[in-house]
Amino acid sequence: MLINVERAARMLREYDDYLILSHANPDGDTLGCAYALCGILQKAGKNAKCRCADEIAPRMKYLTDGIKPQEFEHKTIVSVDVADRKLLGSLNEVYGDEVFLAIDHHRSRTEFAEFTLVEPDAAAACELIYEIAETMNVPLDDKIATCLYTGLATDTGCFRFSNTTSRTHYIAAKLMEYNFPYEELNYRLFDMKSKGRVRLEQEIFDKMEFYCDDKIAMVCLTQELMDRHRDSVDSEDFNGLAGMPRKIEGVELGVTIKQKEKDVFKISVRSSEEINASEICEKFDGGGHARAAGCTIEGTLEEVKAALLPELKKAVERID
Ligand SMILES: [Mn+2]
């Protein structure tokens with residue numbers, strides 16, 4: 001059943017002994033929501049604790065600082081930023097059936113909780129947690145502001161993506177009345193890279209292939225390449241590589257070919273405004289968004305490239 005912020009706030013006041021669940025492979029929004037809500041509920045005199053199926057990346061460990069660990073038998077489960085119970089990862093089997101309240105902002109989602117508060121126009125689920133705290137009349141503090149700000153910054157690419165609204169900025173402004181090191185947080189979230197990641201990027205740029213007057217940039221992430229770097233990077237360092245080729249000025253199509261198995265490759269295509277990435281991937285039974293899409297092609301790397309390149313060239317030639 002769908003409910004609004006007022007009803008969710010009233011419920012959170014009424015019930016007790018909360019277990020707050022984040023989605024697996026956690027990002028700053030789901031963790032920011034969880035630790036902020038935990039702090040808010042504890043301030044409201046409730047028992048509350050957080051759980052996530054996967055470990056928290058070192059760069060986001062600060063979110064857990066200053067939250068009192070409480071030992072109690074949970075009675076009420078709340079999920080935050082979880083669009084589908086499967087996204088709970090290994091916790092789905094244990095708690096997926098028992099979620100009482102889901103707080104989320106994803107446009108496409110499947111219902112799994114008894115009650116759901118969802119606002120697709122919210123840039124981050126943390127916007128909803130902020131509004132819940134206001135409605136519950138629980139004053140924030142530096143720690144809670146840190147968590148909520150992290151969620152807003154993460155899901156908006158540091159307030160750059162088109163999902164950023166005046167409400168996002170309004171909430172961020174309210175949060176900045178508290179004392180927390182937002183410059184340092186943004187450095188950790190958006191600029192800081194491990195040495196291993198930089199070396200990985202260096203090799204990727206060295207091996208990048210260019211076609212059609214440098215309008216196509218292509219990178220091949222073979223298992224051999226990734227294995228060679230695995231010991232010197234965190235697992236999260238392999239995320240976000242698909243965006244690299246399109247960062248280069250003049251590149252209209254950025255293509256990443258990632259080896260999944262011996263003769264199986266996953267293709268990610270990022271495109272400029274002029275080209276529909278999804279249309280290209282549909283030719284190989286894939287799909288996605290207009291600017292970012294993907295597909296899987298079987299064969300040797302040479303065969304995969306030979307199948308893909310004519311389609312990429314056709315798409316680029318069409319805009320000339
Ligand atoms: Mn989110």
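Into which domains is the protein chain divided? I looked that up to begin with: domain 1 covers 5–191 and domain 2 covers 195–319. The bounds come from an automatic or database domain assignment.

**Ground rules.** I noted that this is a predicted model, where local features need pLDDT of at least 70, side-chain atom pairs count only at pLDDT 80 or more, and totals for chains, interfaces and linings use all residues. Residues are numbered from 1 along each chain as its sequence is written.

**Overall layout.** I checked how the domains sit: the centres of domain 1 and domain 2, taken over C-alpha atoms, are 33 Å apart. Next I looked up the secondary structure of the protein chain and got eleven helices and eleven strands. These are DSSP runs numbered from the N terminus, with helices (H or I) of at least four residues and strands (E) of at least two. The protein chain has a radius of gyration of 22 Å, close to the 20 Å of the globule rule for 320 residues, so it is as compact as a globular protein of that length. That radius is taken over C-alpha atoms, and the rule is 2.2 Å times the number of residues to the power 0.38. Along the principal axes, the C-alpha atoms fill a box of roughly 60 × 40 × 40 Å.

**Burial and contacts.** I found that 38% of the 320 residues count as buried. Buried means 20 or more other C-beta atoms within 10 Å of the residue's own, exposed means 12 or fewer, and partly exposed is in between, with C-beta atoms placed from the backbone. Of the contacts between residues at least 6 apart in sequence, 65% join residues at least 24 apart; a contact needs C-beta atoms, placed from the backbone, within 7 Å.

**A helix pair.** I then went to helix H1 (residues 5–14) and helix H4 (residues 125–136), which pack at about 65° with axes 9 Å apart. Axes are lines fitted to C-alpha atoms, for helices over the stretch in contact, and angles run from 0 to 180 degrees between N-to-C directions. That makes H1 roughly perpendicular to H4, a label for 65 to 115 degrees. Among the residues making the contact are Leu 12 of H1 and Ile 132 of H4.

Which phi does Cys 158 have? It is positive, about 60°, although Cys 158 is not a glycine. I found Cys 158 in the loop between helix H5 (142–155) and helix H6 (166–175), partly exposed with 15 other C-beta atoms within 10 Å. Asp 214 is not a glycine either, yet has a positive phi of about 65°. Asp 214 lies in the loop between strand E6 (209–211) and strand E7 (216–221), and is exposed, with 12 other C-beta atoms within 10 Å.

Definitions and conventions. Two residues are in contact if their C-beta atoms, placed from the backbone, lie within 7 Å. Angles under 35 degrees count as roughly parallel, over 145 as roughly antiparallel, 65 to 115 as roughly perpendicular and the rest as oblique.
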